[in-house]
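User: I'm new to this kind of thing. Could you walk me through how to read a structure?

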Amino acid sequence: MLYFVTDCRPGEPCIIEGNEHAPLIVKSLQGEELLKLAPTQPWTHELLVSLPLRELLGETLDGAANAYLGEQWVGSTEV
């Protein structure tokens, strides 16, 4: 399971802000790109968590991975 950490606490910057139009990139911990999705609309927390990642990634998501919007880290299987 890939967990997105995109909610904001008071006083913290929103990590999606400024990256709403960047591609979603999922990489293995070894840096191998497993998935790259261009947004069809600006990314939101709700949109990210609604993605059918198991269908999109298949068994490649069985290992540990990190998710990025462009260069901004937004989630991991290890959170």
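This is a predicted model: local features need pLDDT of at least 70, side-chain atom pairs count only at pLDDT 80 or more; totals for chains, interfaces and linings use all residues.

Here is a short walk from the overall fold to one strand.

Analyst: Residues are numbered from 1 along each chain as its sequence is written.

User: In what order do the elements run from the N terminus on?

Analyst: Helices (H or I, at least four residues) and strands (E, at least two) are DSSP runs, numbered from the N terminus. Here you get two helices and five strands, in the order β-β-β-α-α-β-β.

User: How many residues of strand 2 are buried?

Analyst: Buried means under 20% relative accessible area, with a 1.4 Å probe and protein chains only. In strand 2 (residues 24-28), four of the five residues are buried, so this strand is largely enclosed by the rest of the structure. Across the protein, buried residues make up 33% of the 79 residues.

User: Which strand joins strand 2 through five bridges?

Analyst: Two strands pair if DSSP finds at least two bridges between them. Strand 4 (residues 65-69) is joined to strand 2 by five bridges and runs antiparallel to it, with L24 opposite L69. Strand 3 (residues 33-37) also pairs with strand 2 in the antiparallel sense, over four bridges, and K36 there is the bridge partner of I25.

User: What sits between strand 2 and strand 3 in their hairpin?

Analyst: Four residues lie between those strands, and G31 has a positive phi near 90 degrees.

Definitions and conventions: Side-chain values use heavy atoms; hydrogens and water are left out. Buried means under 20% relative accessible area, exposed over 50%, partly exposed in between (1.4 Å probe, protein chains only).
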